[in-house]
Amino acid sequence: MSKKRLSAGALHPIPADLRKALLASPEARAAWEDITPLARNEWICWVTSVKQPETRENHVERVCTQLAEGMRRPCCWPGCPHR
């Protein structure tokens with residue numbers, strides 16, 4: 001696999017800030033590639049659904065941390081409204 005390529009979500013493209021963070025974390029990237037497109041879609045929507053830039057930065061960081069820790073979907077979130 002290319003060092004710059006990441007698998008996409010089911011509906012959403014990967015935003016640039018999340019892509020950069022995932023590419024910088026080998027553990028998070030490996031976990032990202034191991035989850036389903038629908039699960040990737042949930043993470044993407046979880047990041048993009050917030051309004052405040054600070055909250056979004058926090059979500060991007062948490063995606064990488066939580067994926068590396070073995071979480072496969074965002075916790076305590078109703079899910080992507082686009083599915």
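A word on the ground rules: residues are numbered from 1 along each chain as its sequence is written, and side-chain values use heavy atoms, leaving out hydrogens and water. Since the model is predicted, local features need pLDDT of at least 70 and side-chain atom pairs count only at pLDDT 80 or more, while totals for chains, interfaces and linings use all residues.

Let's start with H1, which covers residues 16-24. Helices here are DSSP runs of H or I with at least four residues, numbered from the N terminus. Leu18, Ala21 and Leu22 are buried in H1, where buried means under 20% relative accessible area, exposed over 50%, and partly exposed in between, with a 1.4 Å probe and protein chains only. Looking down the axis of H1, the buried residues fall within an arc of 95 degrees, so they line one face of the helix. That arc is taken from the directions from the helix axis to the C-beta atoms. The face turned away from the buried side carries the exposed residues Ala16, Lys20 and Ala24.

What do the buried residues of H1 pack against? They pack against helix H2 (26-34), helix H3 (37-48) and helix H4 (53-68), with contact meaning heavy atoms within 4.5 Å.

**The core**

The largest nonpolar core has 18 residues. Such a core is a set of buried Ala, Val, Leu, Ile, Met, Phe, Trp, Tyr and Cys residues joined through side-chain atoms within 4.5 Å. Leu18, Leu22, Trp32, Trp43, Val63 and Leu67 touch the most other members. H1, H2, H3 and H4 each supply at least two residues of this core, and the largest share, five residues, comes from H3. In soluble globular proteins, nonpolar side chains tend to be buried together.

Val63 gives a residue-level view: leaving aside neighbours within four places in sequence, Val63 is in contact with Leu18, Leu22, Trp43, Trp46 and Val47. Gln66, found in helix H4, also touches Trp43, along with Met71, not counting residues up to four places away in sequence. Is Gln66 buried or exposed? Gln66 counts as buried because its relative accessibility is 12%.

**Salt bridges**

How many salt bridges are there? The count comes to two, each being a side-chain nitrogen of Lys or Arg within 4 Å of a carboxyl oxygen of Asp or Glu.

| Pair | N to O distance |
|---|---|
| Asp17 and Arg56 | 2.7 Å |
| Asp34 and Arg72 | 3.1 Å |

Asp17 forms its salt bridge with Arg56, and the pair links distant parts of the chain, with Asp17 in helix H1 and Arg56 in helix H4, 39 residues apart. Asp17 is partly exposed at 29% relative accessibility, and Arg56 is partly exposed at 24%.

The side chains of Asp34 and Arg72 also meet in a salt bridge. Here Asp34 sits in helix H2 and Arg72 in the segment after H4, 38 residues apart. Asp34 is exposed, with a relative accessible area of 52%, whereas Arg72 is partly exposed at 41%.

**Cysteines**

A search of the whole structure finds zero disulfides, meaning pairs of cysteine sulfur atoms within 2.5 Å. For Cys64, the nearest cysteine sulfur, that of Cys45, is 17 Å away. Cys64 counts as buried at 11% relative accessibility, while Cys75 is partly exposed at 46%.
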